[in-house]
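Below is a brief report on selected local features of one chain.

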Amino acid sequence: TGLAGGQPTDGASAATVDAGSALVQLKGAPLATSEKTRPAKGKRIDFSSNAVKSYRAQLSELRNEFKQWLRQNAPGARVNGEFDISLNAVSVELNGTKLGTITGAPMVQSAQLQGLYRPAGHDDPDLELIHAFEAWNAGGGAPAAKGAGVEVAIVDSGIDTRHPCFGSGSTNGGTNAKVIFAGVFHMKARNQGYTPADENGHGTHVAGTVACNEHTPATFDGVDIPYDPSGVAPAARLGNFNVFPADVASARSEDIVDALEEAYERGFDVANMSLGGRQGGVNDLLANAVDNLDAANMVVA
């Protein structure tokens, strides 16, 4: 569990930060860890409760105070994302504003340049190598042992539902009985017309590794594969949380936090991020968001 480092699939070194954008942590705990709203062990945050609604309103007011401070002290900077589940934070386009100026705001706990992450390189190991069959058999071969009832958010380049691993699907990036959600998480998604379609292939590969339907007939260049692939949890359902739409090569920290918070709020049990990048260790805000969501009972791998 956690955020792993890695390298892009083409072997080129990854850019580590976006010098024009910051992730800014405000003072006060997020919903996942606040004493007022954190869930009990094994439970999830109750977004309908008065306590959660009241605390969310407090955090919203704090963000508004920060925006007002920006207008008076750093008019070039612009808030373009807000978070309150895994982090009490905002993302900020600096537009020439120095990071030190942002950290001078009285309501700011910390600020850091946003990390940039890329799809990690991948192989497709046989299920036998990781003892998946033993795991299924240990659960009596029942659907629950194969992921039934579990929903996994794939934070990646999308899922092509036309692939036979995911049942029937007529569009790349659509939804069906297997892929129950599809969305784009990128700061320029609306301006660029991005869709949840997987134009890279990495996300579809990862989604298949997680939950390709059991014993799916497969061909490659017209040749039948001599076995029928299955995902590690073939009975699980999936969510397409696309942070690498179209030809986008890197996702910023805010895109990933946005996807993770949406996955949590939609009730997904697990979020998988086969992403790579080099960032700031235990004090990195994205890593903190991952830890906080784990504490609030969504497993983030």
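## A loop with a nonpolar patch

Leu129 sits in the loop that runs between strand E4 (108-119) and helix H3 (132-138). The model is predicted. Leu129 is exposed, at a relative accessible area of 63%. Together with Ile130 and Val232, Leu129 makes a nonpolar surface patch of about 270 Å².

His131 belongs to the loop between E4 and H3 too. Its relative accessibility is 48%, so His131 counts as partly exposed, given that exposed means over 50%.

## Positive phi values

Most residues other than glycine have a negative phi. His131 is not a glycine, yet its phi is positive, about 65°. His215 is another residue other than glycine with a positive phi, here near 55°. The loop between helix H5 (202-211) and strand E7 (219-220) holds His215. At 49% relative accessibility, His215 counts as partly exposed.

A glycine also has a positive phi: Gly267, which follows H6, has a value near 90°.

Why is strand E3 (residues 89-93) largely enclosed by the rest of the structure? Five of its five residues are buried, so the rest of the structure largely encloses E3. Both faces are covered. Ala89, Ser91 and Glu93 are buried on one side of E3, and Val90 and Val92 are buried on the other.

E3 has a pairing with strand E1 (residues 17-26), antiparallel and over five bridges. Val79 stands opposite Val92 in E3. A hairpin of five residues joins E2 to E3.

## Helix H6

Helix H6 covers residues 253-265 and has 13 residues. From first C-alpha to last it reaches 18 Å, close to the 18 Å expected at 1.5 Å a residue.

How many of the 13 residues of H6 are buried? The count is 10, so H6 is largely enclosed by the rest of the structure. Among the buried residues are Ile256, Val257, Leu260 and Tyr264.

## Aromatic pairs

The structure holds seven aromatic pairs. One of them is Phe66 with Trp69, a stacked pair at 6.4 Å centre to centre and 10° between the planes. Both residues lie in helix H1 (residues 50-73). Phe66 and Trp69 are three residues apart, about one turn of the helix. An α-helix has 3.6 residues a turn, so residues three or four places apart point the same way. Phe66 has 0% relative accessibility and counts as buried. Trp69, at 14%, counts as buried too.

Phe185 and Phe241 form another pair, with ring centres 5.5 Å apart and planes at 20°, so this pair is stacked. The pair links distant parts of the chain, as Phe185 and Phe241 are 56 residues apart. Phe185 lies in the loop between strand E6 (179-184) and helix H4 (189-192), while Phe241 lies in strand E9 (residues 237-242). Both Phe185 and Phe241 are buried. Which residues form one aromatic cluster? Phe181, Phe185, Phe241 and Phe268 do.

Definitions and conventions:
Residues numbered from 1 in each chain as written. Predicted model: local features only at pLDDT ≥ 70, side-chain atom pairs only at ≥ 80, totals over all residues. Heavy atoms only, no water. Buried < 20%, exposed > 50% of the residue type's maximum accessible area, 1.4 Å probe, protein only. Helix = DSSP H or I, 4+ residues; strand = E, 2+ residues; numbered from the N terminus. Pairing = 2+ DSSP bridges. Patch = residues over 30% accessible without salt bridge, like charges linked within 9 Å, V, L, I, M, F, W, Y side chains within 5 Å. Areas by Shrake-Rupley, 256 points an atom, 1.4 Å probe, with all protein chains shown as cover. Salt bridge = Lys/Arg side-chain N within 4 Å of Asp/Glu carboxyl O. Expected span 1.5 Å × (residues − 1). Phe/Tyr/Trp six-rings, centres within 6.5 Å; stacked < 30°, edge-to-face > 60°.
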